[in-house]
Amino acid sequence: MELDINNISCAVPVSSLAIQLNKNSFGLSPASQQLQCNPTVVQGNSGRHSVELVVTPSMLPTIPANQPANPQVQVAIKNMATGNVFYFAVNFNFEAIFGPDGALDRTAFIDAWKSIDDRKELYGTVSDLPAASTDIDQIQAKFTANNVFFIARRPVPNAEGQEVVYFSMRTVTGMEFLAELTFKQGINACKVCLKTESASYGVLARLALENLLRN
């Protein structure tokens, strides 16, 4: 996480900070709660600090049934010299916690897809896509770089110019997601169908795919 630190009115240079994250949908916490600003940030100046985040299962909240996971992470930063605490919230991209072990073979994918109740399917349509995001080969390369793994592709029967592509992904916290993307030749849009047993996180996973398609 990148922090921009602006010292607007504090006469004491900002040199030492402490950071804390509340429980969040990503399981994120700082590798170290102590932040040292070097050089210090004097009044009227600004600085940048990188905060290493790690995934800690105990930081995952309990989400009520039928409630979507919150994409926001609540953060508190304390100036150790003055005791002042600054609170804020930031949105994190869910694809940031897709892990490298999310690939499935076709048989395992089919079995997993069939085992998930159709009522747990999530749908979305992504419109106005850039040209590169309607080229399945380019999408496959982009998705692989973000730990979204290609399973198979096939033409849609009796639908000229339409093709379906399947992908799998797994978060570093162990949640698995299966995706079906439908494209039509000459149309800069994509239909997304996502299945998961981690229902509360389904919307975040679908939005992650949409974000990768748009960018």
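I began with handedness: a crossing is left-handed if the near helix is turned anticlockwise from the far one by less than a right angle, and right-handed if clockwise. I note that this is a predicted model, in which local features need pLDDT of at least 70 and side-chain atom pairs count only at pLDDT 80 or more, while totals for chains, interfaces and linings use all residues. Residues are numbered from 1 along each chain as its sequence is written, and side-chain values use heavy atoms, with hydrogens and water left out.

**Entry on the helices.** I looked up H2 (residues 136–145) and H3 (residues 202–214), which pack at about 120 degrees with axes 10 Å apart. Helices (H or I, at least four residues) and strands (E, at least two) are DSSP runs, numbered from the N terminus. Axes are lines fitted to C-alpha atoms, for helices over the stretch in contact, and angles run from 0 to 180 degrees between N-to-C directions. I recorded the crossing of H2 and H3 as right-handed. In the contact (heavy atoms within 4.5 Å), H2 supplies Ile 139, Lys 142 and Phe 143, and H3 supplies Leu 209, Leu 212 and Leu 213.

**Entry on the sheet.** I then followed an open sheet of five strands, in the order S9-S13-S12-S11-S10, with antiparallel pairing; two strands pair if DSSP finds at least two bridges between them. S9 (122–126) and S10 (149–155) are the edge strands, each with a single partner strand, so one side of each has no neighbour in the sheet. The twist averages 20 degrees from one strand to the next. Between S11 (residues 162–170) and S12 (residues 176–184), which run antiparallel, I found nine bridges, and the bridge partner of Val 164 in S12 is Thr 182. H2 packs on this sheet, touching S10, S11 and S12, and its direction makes about 5 degrees with that of S11.
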